[in-house]
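Please examine the sequence and the structure below before reading on.

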There are 2 protein chains.
Amino acid sequence: MNSVLVTGAAGRVGTAVTDHLEGEYSFTALDREPAPDIESVTADITDSDAITPAFDGQDAVVHLAGEPSTEASWDAVLQNNIVGMYNCLEAARNAEVESFVFASSNHVVGMYEDEFAPDLYEPGFGLVVDHTAPPRPDSFYGTSKLFGEAMGRQYVETFEYPKRFYALRIGSVRSPRYDHPFGDAERGVDDGRYTRDSAEYDATVTRMRATWHSRRDLAHQVDRCLRDDSVEFDIFYGVSDNPTRWFDVEHARATIGYRPKDSADDWSGPPERSG
Amino acid sequence: MNSVLVTGAAGRVGTAVTDHLEGEYSFTALDREPAPDIESVTADITDSDAITPAFDGQDAVVHLAGEPSTEASWDAVLQNNIVGMYNCLEAARNAEVESFVFASSNHVVGMYEDEFAPDLYEPGFGLVVDHTAPPRPDSFYGTSKLFGEAMGRQYVETFEYPKRFYALRIGSVRSPRYDHPFGDAERGVDDGRYTRDSAEYDATVTRMRATWHSRRDLAHQVDRCLRDDSVEFDIFYGVSDNPTRWFDVEHARATIGYRPKDSADDWSGPPERSG
């Protein structure tokens, strides 16, 4: 069984990976807090010395740790997503890790959405943003994710390790409680920010119906990367098979065999609440 | 006359700009050392507070300062080309500077050369790398220049200023003494690294016949950017009209009217030495 280090394993995306791929890989978690039920190394990716030992003996790294917000300051992004990215790539290189899967983001191309929303969310609008689209980051966060992709390509092309780098421009992954296209909107209701009878609720659902990446589809996509042995560097969009998505998934389908099982159209309304 | 702040003005590229465009703009130099014959602010771009006043009242910034070597360490690149880029863009934004011309580099796409050299240098090889080519940085330096392009696009698209950003992927600009396709090779002779009858000399000339950007062509390209008022963000290759170049200049010609006057074919051998 392959050994896989998951940085940011305690987070939303990390738990999707380890929950759905349990038993398929020997996971080690690297996070600032311990991940439940997984061998965990507690360290911060901005601390190069602290994280280095965790990379020894790993076959692959799934690098999810970092500043996750488009609202984040430059300083937060600089430390966590730029210095942290270098630290993780350098540790992977020195430990001779074969594969590096990187949580990039749809915000690398976020200004397409900014320019064309809300028309973009209409079925049949026709824009398809794929891996060849010129990047248009919408934030320091988006710029930092593009930096991470570029540095990944630099590493696989100029150093001996890692040998393979997969940049996943992930859409919207939610916690288990909100893992459906109504998730963000329901969370707004739960947080008391608005009611179900509000324009905010509807707008949030409309966006999530396009960008939702279900937890099992995300884990499947990571699994396809971990099983691949042909890619040196590539970029894939991480999104479920939602009819109104504007992100291409054909390239991921053709290259790594990504086959999403979920679609926003499977949901006509939010799930019944249990409590 | 428009006011233009030139960072790195004392350097090889900076002096090409100010020498050839003297009298066309009101230049201010920002460099760690004073630039000859130009109003100079002596400051380091890694020091945000020190550089900020120099941006006040400028119509445009030509940002050339930074770590210039593909051999540079990550730490040098991080401070000078990543933190320094942010500092300059943020200062330009706060000072409401309209245009930002950025010295990017051919090393953003350097791995195309690495993959195809030396066949690439043959006339008729046929590879044309243009502004739409997927980036393939060859070094921390190359990755940092791609970062700078991305952050420039982020700024013009998400903030009010700067309004225009021009990324120039510059080829090989030399000092006045070596401003010809034999320049790098002659410098190697002058430095005692090899003789004119060596494979190193020939290889250096072969590369420079493709990548040479003459000082007046570079200055003309910067001038075309400074006079433009239509571009929001774009990428142009900075190279003279050399027959064996693999960088596209048609996009620069069509978009900003770049018309290089020099060509490596104007030189069959190095110039006579005066001293």
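In which loop of chain A is Asp37(A) found? Asp37(A) is found in the loop between β2 and β3 (39–42) of chain A.

## Basis of the report

This is a predicted model, in which local features need pLDDT of at least 70, side-chain atom pairs count only at pLDDT 80 or more, and totals for chains, interfaces and linings use all residues. Residues are numbered from 1 along each chain as its sequence is written, chains are lettered from A and ligands numbered from 1 in the order in which they are written, and side-chain values use heavy atoms, with hydrogens and water left out.

Helices (H or I, at least four residues) and strands (E, at least two) are DSSP runs, numbered from the N terminus. Buried means under 20% relative accessible area, exposed over 50%, and partly exposed in between (1.4 Å probe, protein chains only).

## Backbone features in the loops

Asp37(A) has a positive phi of about 65° although it is not a glycine. With a relative accessible area of 83%, Asp37(A) is exposed. Glu96(A), in the loop between α3 (74–94) and β5 of chain A, also is not a glycine and has a positive phi, near 60°. Glu96(A) is partly exposed, at a relative accessible area of 48%.

Cis peptide bonds form a further topic. One joins Ala117(A) and Pro118(A), with omega about 0°, and Pro118(A) lies in the loop between α4 (110–116) and α5 of chain A. In chain B, the peptide bond from Tyr161(B) to Pro162(B) is cis, with omega near -10°. Pro162(B) is placed in the loop between α5 (140–158) and β6 (164–170) of chain B.

## Strands of chain A

Two strands pair if DSSP finds at least two bridges between them. Strand β1 (residues 3–7) of chain A pairs in the parallel sense with strand β2 (residues 26–31) over five bridges, and Val6(A) stands opposite Ala29(A) in β2(A). Four bridges join β1(A) to strand β4 (residues 60–63) of chain A, and these two strands also run parallel. Here the bridge partner of Thr7(A) is His63(A). Four of the five residues of β1(A) are buried, so this strand is largely enclosed by the rest of the structure.

β1(A), helix α1 (residues 12–20) and β2(A) make a right-handed β-α-β unit. A crossover is right-handed if, with the strands pointing away from the viewer, the path from the first strand over the helix to the second runs clockwise.

Strand β6 (residues 164–170) of chain A has seven of its seven residues buried, so it is largely enclosed by the rest of the structure. In a regular strand the side chains alternate between the two faces of the sheet. In β6(A) both faces are covered: Arg164(A), Tyr166(A), Leu168(A) and Ile170(A) are buried on one side, and Phe165(A), Ala167(A) and Arg169(A) on the other. Strand β5 (residues 99–105) of chain A pairs with β6(A) in the parallel sense over seven bridges, with Phe102(A) opposite Ala167(A). β6(A) also pairs in the parallel sense with strand β7 (residues 233–238) of chain A, over six bridges, and Leu168(A) stands opposite Phe236(A).

## Helix α5 of chain A

Helix α5 (residues 140–158) of chain A has 19 residues and reaches 26 Å from its first C-alpha to its last. This is close to the 27 Å expected at 1.5 Å a residue; the expected span is 1.5 Å times one less than the number of residues. Of the 19 residues of α5(A), 18 are buried, so the helix is largely enclosed by the rest of the structure.

## Aromatic pairs

The structure holds 35 aromatic pairs over all chains. Rings of Phe, Tyr and Trp (its six-membered ring) pair if their centres lie within 6.5 Å; planes under 30 degrees apart count as stacked, over 60 as edge-to-face and the rest as tilted. Phe102(A) and Phe165(A) form a tilted pair, 5.9 Å centre to centre with 40° between the planes. This pair links distant parts of the chain, strands β5 and β6 of chain A, 63 residues apart. Phe102(A) and Phe165(A) are buried.

The rings of Phe140(A) and Phe159(B) have their centres 6.2 Å apart and their planes at 45°, so this pair is tilted. Phe140(A) lies in helix α5 of chain A and Phe159(B) in the loop between α5 and β6 of chain B, so the pair joins two chains.

## Cysteines

The structure holds zero disulfides over all chains, a disulfide being a pair of cysteine sulfur atoms within 2.5 Å. The sulfur of Cys225(A) is 17 Å from the closest cysteine sulfur, in Cys88(A), too far for a bond.
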